[in-house]
Structures are given as structure tokens and as C-alpha cells.
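Subject: Structure handover

Hello,

Please find the structure below, handed over for your files. My notes on what was found in it follow after it.

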Amino acid sequence: MKQISILWVDDEIDLLKPHILFLQNKGYDVTTAQSGQDALEEIDKSSFDIVFLDENMPGLTGLETLGEIKQVDATLPVVMITKSEEEYIMDEAIGNKIADYLIKPVNPNQILLSLKKSLDNSRLVSEKTTASYQQEFRKIAMDLSMVNTYEEWVDLYKKLIYWELQLEEIEDSSMFEILESQKVEANSQFSKFIEKNYRDWFDGGEGPTLSHQLFKKKVVPELEDSKVLFVVIDNLRYDQWLSFEDTISNFYKKKIEEPYFSILPTATQYARNAIFSGLTPLDMEKKYPDWWKNDTDEGGKNMFEKEFLGSQLKRLGLDLKWDYHKISSLKQGKHLSQNFRTHKDNDLTVIVYNFVDMLSHSKTEMEVIKELASNDKAYRSLTQSWFKNSPLLDIIQQAQQLGFKLILTTDHGTINVKQPSKVVGDRETSANLRYKTGRSLTYQDKEVLAVKDPKEIYLPIINVSSSFIFAKNDMFFAYPNNYNHYVSYYRNTYQHGGISLEEMVVPFVVLEPK
């Protein structure tokens, strides 16, 4: 193992000889300097892993030396050591991105701890995270064999995401592969759970909040004591929400975080229309045939969300001042941001933001996005980068200043598909890769949930003999014609419409302005 090289800068360096001997006995290589200028010359001559820097020195002060060091090598860790507890010195040092800050007199163990925090931190965190996950792995494996309620599935999914985010920080590929295998097993068991219980949730069985119940059960109660900004980010997975939660926490504090379940198909025209109408797709088709479009109908499938919402508010007897905006481009987002203050007196302002959905479709179609979003970690990172630089964040900041409560959710999630599942249908069969509806469908029984009578799960019947099939796990449907090309094109893309934890268990968060 490479010997750690330390530069210790102090105008009274002779008084620190016991500390230096202590470090040398621990195997560290220590070079000393008695002034800021000497320190800069040493750094020019040699390479150091860390610098201990006294603040109060004649000539160049510690803070001035720190600034010079950072100009030479911004990545070199510097630990500031000072007798002074004045706040402005701490602020200046922290502003210059010091690794640690120690107050004299320091003892050898303080120095050793600071070294470990600055240089061994990633290794120690990695070892601890790996050991903790190895213990948790056995518990998750046991839970997977016993989980039997939707609440337990939510808890298990959140636990898997937690460990995914922890393990991606330490980049231990072997542990990550084990976690991936647990996620695959979890989705396999979850598909069986949905197959067994989903129908009952529509007939009074004990079940989670579903898309068509979300507004009435979860949003309306929040309107009683505050004006609300209700943001629906299309196609947002739970892990993607966690990727930018910290950014929102600068302006809002979390009141409620309760994932809900997207209805099947986990597709925009079904799930998002259900949120705004407060109705199942079957009821939407019956009550509003001019607004509802089936898969085989021409035209946009989500053109009447505002009308659906208006009818639901009326049905619930809510006399509110409200508005609805759908954002599908940067220009639209900027325009709303520039004019958001005109909504300051609204009881309810609704925004549907389409970026994440466009990102997932772009990954299918554009090679550059395939490179940028090659896996879930990269997909989260892209989502986080978009959010931090989007007009949506500016709108949320303005909403906080205007005293709006923020409700953030989505219509469904998405999954990275890996395994093809052969299907055959006629020309009227729907095109989605994770669900199909049509007549005379031929498919692999074990790889799908088949619903012969769509009315059982409150879906419209397009033709007398039409049925629905939903892909399980990470499957995607492929036709036998031109099979290899089709599979190669769609494998490792993000799709939705089927059954998986990623698609069905989605975020719902209520936040209050700080």
C-alpha cells in the first residue's frame, strides 16, 4: 500500500515534534514547513496527499496560503488548524473547501481521525456499506419469501432502492450484482402478488391507493388549509424522486411521503387520465366517450386532462380557483416560470411536466441518450441534472415564496427491459412493448398476466373478443417477424405499461414551504 505523504505547515513546528513522531510511527511520511511561502515551494517540488495548515502565521496567513494552494491544486485536501474560534475564519476556510477544521491544542488521535476522515473515508465507508448490505441481504431474502401485503411490498421496494443508492456510491460491482439479482427476484414475486390480488382491489378488497383514487383520497385533504401546487412529473420512478429530493429540501420540508400504486396498464393515457378524472378507464369511456380514446383510436390520448379535472372537482363539490398547465418543452416551462406569480391567488395550480417521459423515449430512439442513460444510476443522474437546471425548479422556488404547499407525484414509473417475450397479434393489436390489447393474442403464458375480460380490472373492451396482456418482470414484447433486429433495438431501453415495482409503486409526496 502506498505510503501517505503529509505536509504540516506551522511557524512553531518544533513544538509539534511529538505529533509528527506519532504519525511517523503509524507509517505516515511527514514533511514540515514553517511558513506559507515554504509550504508553496514544497508543494511545487513534491506531491502530497494532505496538508495540515496553521492559520496564524507571520507573512502569508493560513487563509492566504489556503487560497494559493487551492489555485495550484484544487483537489488537494487541506486541514485548517487554528487557536482562534472566530466565526469568519471558519466561514472563509469552509468556503475554500477545506477537508477539516481543528482547534488548538490538538492531540494525536484528533489528527489521526482527521486523516482517516479525509483520506480513508471512501475505503471505510465502502467496507462498512458492503458489510451492512451482506447482513441485510439475508433479511431481504427472507422477507421476499414472506411478503404478503401491499404495505410490505412498498417497504421492501424502498429498502432495495436504499441499498441500490448506497452501493452505487462505493462502486462495488460484486455487491451490486447481488442486489440486481434480488431486484429481479423481487419483481418476479411482485408479479405473482399482483396476479393474485389486483382484481380484488377494485371490488372493495383491502388495497393501496390507486391512480383513480389518488386525487380524492390524497390531494383533496391538503386543499383544506392551504393553496396547493400539484406537480405530476410524467414517468417518474421512486428512485428518481430520491435523486433530486435534496434539491427540493432547500425550499420545502416533507410532510407526507406515501408511494401509491399505478393502475394497469402503467401507461400515460390510462394512469394519468385516471388521476385527473378520478375514474377508472372503463368509467371514463362510459361517461366521457368524447374525451376518452382507446389504443386503436387516432389522435392524442391525453388531450382532455383539464376537462377531466374540472369534472372531478365539480363532482366532489369543490368550488376552487384553479388552473392547469401541461409542459412539454423548455419554452413552455420558461413561459410558465416567468408568469407564475399571476397564479398567486389560486387555490390549486396543476402542472404536468413531461421531461422524464421524453427522456425514456429518447433513450429508445437516440444513440447519444443510450450512452448517457445506459443504466439506472445514469438514468437517475440525468433526471437529477435536468431537475436542477429546469424551469420547474424555478417554479417550485417561486411557489415556496408565495406560500404554496407542494404536492409532487407521477402517473407511473418505468423499467429497463432486458428479456424479450414473443407475442403474435393482428393489425389492430396495440403497439406498446409492455402491454398489448387486441383479439387473438398468442403469448408465452408464464411471462404475462393475461386478462381475458378487461372489465374485471375496469378497462374498456375495444372489440368483443379483445383481451389485455401485461409483461412481467423486465420482459418486453417482440413479434416473430424481424425478431433479432427488434430485440437488439429495444433491449436495455426504458419502457412502461407492464407489471414491476418500478412501474407500479410510485412516489406521492406532500411538502410544506420552509
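**Salt bridges**

Lysine 104 and aspartate 54 meet through their side chains in a salt bridge, at 3.3 Å from N to O. This pair links distant parts of the chain, 50 residues apart: lysine 104 is in the loop between strand S5 (100–103) and helix H5 (108–119), and aspartate 54 is in strand S3 (residues 50–54). Aspartate 54 counts as buried because its relative accessibility is 3%. Please keep in mind throughout that this is a predicted model.

A salt bridge also forms between aspartate 225 and lysine 405, whose closest N and O atoms are 2.9 Å apart. Aspartate 225 lies in the loop between H9 and strand S6 (228–233), while lysine 405 lies in strand S11 (residues 405–409), so the pair ties together parts that are 180 residues apart in sequence. Are the two partners buried or exposed? Aspartate 225 is exposed, because its relative accessible area is 58%. Lysine 405, at 3% relative accessibility, counts as buried.

Another pair is aspartate 234 and arginine 272, whose side chains meet in a salt bridge of 3.2 Å, N to O. Here too the pair links distant parts of the chain, 38 residues apart: aspartate 234 sits in the loop between S6 and helix H10 (238–248), and arginine 272 sits in helix H11 (residues 268–277). Both aspartate 234 and arginine 272 are buried.

Some salt bridges share partners, and these join Glu164, Glu168, Glu180, Lys183, Arg237, Asp239, Asp376 and Arg380 into one network. How many salt bridges does the structure hold? The count is 31.

**Charge on the surface**

A patch of negative charge is found on the surface, where Glu151, Glu152, Asp155 and Glu206 gather. One of these, glutamate 206, belongs to the loop between helix H8 (173–201) and helix H9 (211–219). Why does glutamate 206 count as exposed? Its relative accessibility is 67%, and the cut-off for exposed is over 50%.

**A three-stranded sheet**

Three strands make an open sheet in the order S15-S13-S18, and the pairing is mixed. Strand S15 (442–443) and strand S18 (475–478) are the edge strands, as each pairs on one side only. Strand S13 (residues 419–424) runs parallel to S18, and four bridges join the two. Within this pairing, lysine 422 has alanine 478 in S18 as its bridge partner.

Helix H18 (residues 391–401) is mostly covered, with eight of its 11 residues buried. Which residues of H18 are buried? They are Pro391, Leu392, Leu393, Ile395, Ile396, Gln398, Ala399 and Gln400. After H18 comes glycine 403, which has a positive phi, near 85°.

Leucine 348 is part of strand S10 (residues 348–353). Leucine 348 counts as buried because its relative accessibility is 0%. Between the C-alpha atoms of leucine 348 and lysine 70 the separation is 49 Å, and the two residues are 278 residues apart along the chain.

Regards

Terms used: Residues are numbered from 1 along each chain as its sequence is written. This is a predicted model: local features need pLDDT of at least 70, side-chain atom pairs count only at pLDDT 80 or more; totals for chains, interfaces and linings use all residues. Side-chain values use heavy atoms; hydrogens and water are left out. Patches are made of residues with over 30% relative accessible area and no salt bridge: like charges are joined within 9 Å, nonpolar side chains (Val, Leu, Ile, Met, Phe, Trp, Tyr) within 5 Å. Accessible areas come from the Shrake-Rupley method with a 1.4 Å probe; for residues, only the protein chains shown count as cover. A salt bridge is a side-chain nitrogen of Lys or Arg within 4 Å of a carboxyl oxygen of Asp or Glu. Lys and Arg count as positive and Asp and Glu as negative; His and the chain ends are not counted. The place of a charge is taken as NZ of Lys, CZ of Arg, CG of Asp or CD of Glu. Buried means under 20% relative accessible area, exposed over 50%, partly exposed in between (1.4 Å probe, protein chains only). Two strands pair if DSSP finds at least two bridges between them.
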